[in-house]
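Here are my notes on the model, point by point. Please read them with the structure open.

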Amino acid sequence: MSSSSVLIRPSRIQNFKNHDCIPSTYFIQTWGCQMNVEDSEQIGLYLNQIGFKPSKDVYSAQLIILNTCSVRKKPEDKAFSMLGELSIIKGRDQDRIIGVCGCMAQIRAEEIRKRAPLVDFVVGTAQISEISQIVENLLEKRTFYTSLNLPERKGSIVSDIPQRQVDRNAKLKTFVPIQYGCDKFCTYCIVPATRGRERSRPTVDIIDEIKKLADHGTKEVTLLGQTVNSYGKNLAEGRVPFSELLLKVAEISGIERIRYTSPYPRDFKTDLIEVIRDCPKVMEHVHMPLQAGNNTVLKRMRRLYTVESFKEIVDELRSTVPGVSITTDIIVGFPEETEEQFQDTLSMMDEIRFDGAFMFKYSPREGTPGAEMVQVDQKIKERRLDDLIHLQNQITLEKNREMIGKNIEILVEGPSPKILNSYQGYSREFKLVHFLAGRELTNQIINVQCEKAHPWGLEASLT
Ligand code: 5AD
Ligand code: SF4
């Protein structure tokens, strides 16, 4: 999962001075994963209901919300830096409303309050649907508000799943959360603390939402969950296997493509692999986080699979679904990782040959077991990350080259921002593709011929 940011540099504080804030406008700064991006969209929809409109930039917004991420230190630093700048603005212009939500708000509310005392509200990951009410209350009376309750999963059935808004504006591709929280407790990961225990959304709610999305023009959905393929536990209606959910989504007319992220390797079973093979709407792309290529490290990370069992899943996937693309996440420099153990990760990457990978330096997260272990030196982590990225970039390019000459299907998202008269879209295998076209093809599913490979994806021509 990737992160994005538009930080206000100190020099830009000046820009705030030149802009009076426009009443009833909002700006949401989002860091972190797709779940956060999705939460920000929901916040926007709730704010629309109380008459707020998105502002064209952060400077003119009356309401500025920071939707934060805690998965590594970097996005936390960025949020604190932006909060510092916004505190100065708020000190000068009391009409602004500044709110913080998301993962960092969930676990660092006190620190946020201390470092940015002028902030108007701090709410956790389960309060997204309350934000419009909080803002309305603040418009009447400016008193600091906070709420950080995380739903507990009492007993086996979950009943406190948030209701969601459906965006009426046509959106070609939409993220749909199907599961909240995580029960795996990997020793490096803060997510179980920030998002709570695993809770699956009732199947009927998911299907109902996707039907509405299809009616509004969505052609591709990406089902979201921290361990998306363990979906279906603790439901009042009884257990619904993830593979069955995929088939139900595939029945919805108008939905042409189904993706999901991220599956947990141990739960990637034959039924799911067969659905990828047999159901044309389920894309031939699997993003399956490996994290490390050594069993001792995996065990200390509390990942519930081994190098061998991971390879077996990859083998079954590749033999059952020819042409499937597989991507992954890797963490280097997990505490006590030796040079040999890191070399095992490199060898495994070389052996498996993933189509792509998100690669990270381990970042100690306070409150997780990993933070208490013996840390690897920062310089060593950096070098290991460089080595890994170097290897994977080569492999990604080679994998993309293997596509040259092939006829592939893409969903066209619009004109390419980089190449004149070009369009871009993603292939079924989740490769970014640019191609020349003399006519408008946005929103269409078309076939193209791959001609040139790049580290970022492919150039193709119309067939
Ligand atoms: N340090 C570095 N990377 C992490 N991830 C999760 N926690 C950490 C951490 N403490 C990575 C994992 C996960 C991805 C979303 O972020 O690789 O799959
Ligand atoms: Fe974090 Fe592990 Fe859960 Fe993924 S499976 S969210 S890495 S605890």
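1. With which side chain does the side chain of D267 make a polar contact? The partner is the side chain of R266, at 3.1 Å. A polar contact here is a pair of N or O atoms within 3.5 Å; within protein, one must be able to donate a hydrogen and the other to accept it, and residues adjacent in sequence count only if both atoms are side-chain atoms. D267 sits in the loop between β11 (257-261) and α9 (270-278). Helices (H or I, at least four residues) and strands (E, at least two) are DSSP runs, numbered from the N terminus. D267 is buried, because its relative accessible area is 16%. Buried means under 20% relative accessible area, exposed over 50%, and partly exposed in between (1.4 Å probe, protein chains only).

2. Basis of the values. This is a predicted model, in which local features need pLDDT of at least 70 and side-chain atom pairs count only at pLDDT 80 or more, while totals for chains, interfaces and linings use all residues. Residues are numbered from 1 along each chain as its sequence is written, chains are lettered from A and ligands numbered from 1 in the order in which they are written, and side-chain values use heavy atoms, with hydrogens and water left out.

3. Domains. The assignment for the protein chain gives domain 1 (3-147), domain 2 (173-401) and domain 3 (407-462). These bounds come from an automatic or database domain assignment. The centres of domain 1 and domain 3, taken over C-alpha atoms, are 36 Å apart.

4. Ligand 1, contacts. A backbone N or O atom of Y188 lies 3.0 Å from a nitrogen atom of this ligand. A backbone N or O atom of S363 also faces a ligand nitrogen atom, at 2.8 Å. Q291 uses a polar side-chain atom instead, 2.7 Å from an oxygen atom of ligand 1. Taken alone, ligand 1 exposes 400 Å², and the protein buries 91% of that. Accessible areas come from the Shrake-Rupley method with a 1.4 Å probe; for residues, only the protein chains shown count as cover.

5. Ligand 1, shell. Two elements give two or more residues to this shell: β13 (325-332) and β14 (356-361). The residues around the ligand are V71, R72, Y188, Q291, D329, I331, F360, K361, Y362, S363 and R365. A residue counts as near if one of its heavy atoms lies within 4 Å. By class, the shell has five nonpolar, two polar and four charged residues. Ala, Val, Leu, Ile, Met, Phe, Trp, Tyr, Cys and Pro count as nonpolar, Asp, Glu, Lys and Arg as charged, and the others, Gly among them, as polar.

6. Ligand 2. Its shell holds C182, K184, F185, C186, Y188, C189, V191, P192, Q226, T227 and R303. The class count is seven nonpolar, two polar and two charged residues. C182 is buried, because its relative accessible area is 9%. Y188 is listed around ligand 2 and around ligand 1.

7. Cysteines. How many disulfides does the structure hold? It holds zero, a disulfide being a pair of cysteine sulfur atoms within 2.5 Å. C21 is in no disulfide, and the nearest cysteine sulfur, that of C101, is 19 Å away. C21 counts as buried, because its relative accessibility is 15%.

8. L245 is found in helix α8 (residues 242-250). L245 has a relative accessible area of 0%, so it is buried. Its C-alpha atom is 30 Å from that of M301, 56 residues apart along the chain. L290 lies in the loop between β12 (285-287) and α10 (295-300). L290 also counts as buried, at 0% relative accessibility. L290 and K311 are 21 residues apart in sequence and 9.9 Å apart in space, C-alpha to C-alpha.

9. Backbone points to check. The peptide bond from T261 to S262 is cis, with omega near -5°. S262 lies in the loop between β11 and α9. E336 is not a glycine, yet its phi is positive, near 70°. E336 is in the loop between β13 and α12 (339-352) and is partly exposed, at 37% relative accessible area. R353 has a positive phi of about 55° although it is not a glycine. R353 is found in the loop between α12 and β14. At 24% relative accessibility, R353 counts as partly exposed.
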